[in-house]
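Me: Hi! I'm new to this one and would like a friendly walk through it. Can you show me the structure before we start?
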Amino acid sequence: MKRIGVLTSGGDAPGMNAAIRAVVRNGIYKKLEVMGIRHGFLGTIKNTYHKMVRGSVADIIHRGGTVLQTARCDEFLSPAGRAQAAENIRKAGIDGLVIIGGDGSMRGAQLLEQEQDIPVACVPATIDNDVGRTDFCIGFDTAMNTVIDAVNKIRDTATSHERIFVVEVMGRQRGFLTLHAGLAAGAESIVIPERPLSIDDICKKLEHGFKRGKKHSIIMVAEGVGGDFQVNRDLYQSKAFSLAEDISRQVGRETRVIILGHLQRGGNPSARDRILASRMGAHAVDLLLAGEKSVMSGVVHEQLVHTSIELALAEEPALNKEMLELAHILSL
Ligand code: F6P
């Protein structure tokens, strides 16, 4: 292997830049040429290949977003699109790819290797943290801290007005971010796809709290609750508004909604995400050099591990039930 490519794909996640930096610098250290590819898989089709040197990744470890930019690429969903990508990758003299992204990107990477025999090594990066065979994905820790910071602020105004707030947190199919941030932020209720609560459960808890003299209530809801997000993102209707209406009607208190939205994907990566990204990015290069096929780097119990993309995608990452129970107990 003489030349590798690196791209970021799918939703961006804070820490992607630190991963790109590690791929480029470890690659060069290991005597490889490293080509950056802009705009994710779309760039493999549109030929956005460019040589990267150590200086190309200077001054980016602390920055959110991705300097290679990213995209969700419809062309790549078809075998013809992947064949075109593979032709271009070969023409660019690239012998293997590092793909930094979430489960959708990993699925694309797997197909590229299966159909076109292009070696791929994936680095899991998504604030949803919904990839199997790794304890953490790049971006999750930063996003969690962003959510906590936002909820701290909402709590101030909620207390002043003695209001209920429904806070919608990102997480297309899973509730990792909502659960972890909800526990850390001291939310009164956590509503996630893995364990949706009934409106009666939520309201009973709220009424109990207000009787005890609580001045505010924060209900944290994962955007994936309700499921229509999975069917068609363009038709997505937040469940937070109907939930707030139902609560307000039942409890008889002012209820406000805040959709935290894409601000959760921005911001300087936390120390944890920078370290995780640096380790997994460098590891992915080593995996390609070791001749691993269709592989993903991960971290389990703080140790770097590697696993097949197939297993990482097949295994549903388990939500921590003890944390869910604890969040409930602590908010009673
Ligand atoms: O997968 C990461 C994520 O941020 C999800 O939490 C969210 O549902 C989705 O991406 C939003 O995607 P887009 O930025 O394409 O609207």
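This is a predicted model: local features need pLDDT of at least 70, side-chain atom pairs count only at pLDDT 80 or more; totals for chains, interfaces and linings use all residues.

Me: Is Phe 140 buried or exposed?
Reply: Phe 140 is buried, because its relative accessible area is 1%.

Me: How many aromatic pairs are there?
Reply: A search of the whole structure gives 2. Rings of Phe, Tyr and Trp (its six-membered ring) pair if their centres lie within 6.5 Å; planes under 30 degrees apart are stacked, over 60 edge-to-face, and the rest tilted. Phe 41 and Phe 76 are stacked, because their ring centres are 4.0 Å apart with planes at 10°.

Me: Where do Phe 41 and Phe 76 sit in the chain?
Reply: Phe 41 is in helix H2 (residues 40–46), while Phe 76 is in the loop between strand S3 (49–52) and helix H3 (79–91), 35 residues apart. Helices (H or I, at least four residues) and strands (E, at least two) are DSSP runs, numbered from the N terminus. Phe 41 is buried at 5% relative accessibility, and Phe 76 is buried at 4%.

Me: And what about Phe 136 and Phe 140?
Reply: Their ring centres are 6.1 Å apart and their planes at 20°, so that pair is stacked too. Phe 136 counts as partly exposed, at 33% relative accessibility.

Me: New topic: which residues of H9 are buried?
Reply: In H9, Ala 240, Leu 243, Ala 244, Ile 247 and Val 251 are buried. They lie on the same side of H9, because they cover an arc of only 100° around the axis (the arc of directions from the helix axis to the C-beta atoms).

Me: What is on the face turned away from that buried side?
Reply: That face of H9 carries the exposed residues Glu 245 and Arg 249.

Me: What do the buried residues of H9 pack against?
Reply: They pack against strand S6 (164–169), helix H7 (199–211), strand S8 (217–222) and strand S9 (255–259). Contact here means heavy atoms within 4.5 Å.

Note on methods: Residues are numbered from 1 along each chain as its sequence is written. Side-chain values use heavy atoms; hydrogens and water are left out. Buried means under 20% relative accessible area, exposed over 50%, partly exposed in between (1.4 Å probe, protein chains only).
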